[in-house]
Amino acid sequence: MAFTDYETDQLRKALLKETRRCAVTLGMKKTSVEQLTKAAGIAKGSFYKFYESKEMLFFAVLENVHSELYGVADHALRESDGLQPSERAAKAVLAVCRRRTVPASTGNASVRCLQGVI
């Protein structure tokens, strides 16, 4: 069965979301393609239309985490323009650390997942 562009985008997001969850709860080794595809609502064979392997999907998750944290650091650096370089660097590092340690009570699952991925 062929997926529309919209379905492909939504399924890719579902796979990424479940992979982040599994990265925290199970780790890559204990996560199966079957678990990921079941959560996304697709057949196991369809998985390979999205990613060539489970490892490549986990790599995509790491790329997303990197981009998110880079964005946090970049924003902190832009907001602290005019400070000494060491102070700017400290603010960027603190912003990333704060982002990683958002308490689970915030309800932001993607931020909580960062805690286990990094």
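Author: Lys 44 sits in helix α3, which covers residues 44-47. Helices here are DSSP runs of H or I with at least four residues, strands are E runs of at least two, and both are numbered from the N terminus. The model is predicted, so local features need pLDDT of at least 70, and side-chain atom pairs count only at pLDDT 80 or more, while totals for chains, interfaces and linings use all residues. Residues are numbered from 1 along each chain as its sequence is written, and side-chain values use heavy atoms, with hydrogens and water left out.

Is Lys 44 buried, exposed or partly exposed? Lys 44 counts as partly exposed, because its relative accessibility is 39%. Buried means under 20% relative accessible area, exposed means over 50%, and partly exposed lies in between (1.4 Å probe, protein chains only). Setting aside neighbours within four places in sequence, Lys 44 is in contact with Val 33, Glu 34 and Thr 37. Contact means heavy atoms within 4.5 Å. Take Val 33 from that list. Lys 44 and Val 33 are eleven residues apart in sequence, and their C-alpha atoms are 6.7 Å apart in space.

Thr 37 leads on to Ile 42. Leaving out neighbours within four places in sequence, Ile 42 is in contact with Thr 37, and also with Phe 3, Leu 11, Leu 15, Phe 47 and Phe 50. Ile 42 belongs to the largest nonpolar core, which has 22 residues. Such a core is a set of buried Ala, Val, Leu, Ile, Met, Phe, Trp, Tyr and Cys residues joined through side-chain atoms within 4.5 Å. Leu 15, Leu 16, Ile 42, Phe 47, Phe 50, Tyr 51 and Leu 57 touch the most other members. Two or more residues come from each of α1 (5-25), α2 (33-40), α4 (54-79) and α5 (85-100). Helix α4 gives the largest share, eight residues. In soluble globular proteins, nonpolar side chains tend to be buried together.

Now the rings. The whole structure holds three aromatic pairs. Rings of Phe, Tyr and Trp (its six-membered ring) pair if their centres lie within 6.5 Å; planes under 30 degrees apart are stacked, over 60 edge-to-face, and the rest tilted. Phe 47 and Tyr 51 form a tilted pair, 6.2 Å centre to centre with 40° between the planes. Phe 47, Tyr 48 and Tyr 51 form one aromatic cluster. Phe 47 counts as buried because its relative accessibility is 0%. Tyr 51 is buried too. Tyr 48 is partly exposed, because its relative accessibility is 43%. The charged end of Arg 12 sits over the ring of Tyr 51, 5.2 Å from the ring centre. That call needs NZ of Lys or CZ of Arg within 6 Å of the ring centre and within 35 degrees of the ring normal.

Next, helix α1. Its 21 residues should span 30 Å at 1.5 Å a residue, and its end C-alpha atoms are 30 Å apart, which agrees. The expected span is 1.5 Å times one less than the number of residues. Buried residues in α1 are Leu 11, Leu 15, Leu 16, Glu 18, Thr 19, Arg 20, Cys 22 and Ala 23. Glu 18 counts as buried because its relative accessibility is 14%. Beyond four places in sequence, Glu 18 touches Gln 35, Leu 36 and Ala 39. Lys 13 also lies in α1. Lys 13 is partly exposed, because its relative accessibility is 47%. The C-alpha atoms of Lys 13 and Ala 40 are 8.8 Å apart, although 27 residues separate them along the chain.

Gly 27 follows α1 and has a positive phi, near 85°. Thr 31 lies in the loop between α1 and α2. Thr 31 counts as buried because its relative accessible area is 1%. Leaving aside neighbours within four places, Thr 31 is in contact with Cys 22, Leu 26, Leu 36, Lys 54 and Phe 58.

Lys 54 and Phe 58 are also among the buried residues of α4. Helix α4 has 26 residues and reaches 38 Å from first C-alpha to last, close to the 38 Å expected.

Last, the whole protein. It has six helices and zero strands. Buried residues make up 32% of its 118 residues. Among contacts between residues at least 6 apart in sequence, 53% join residues at least 24 apart.
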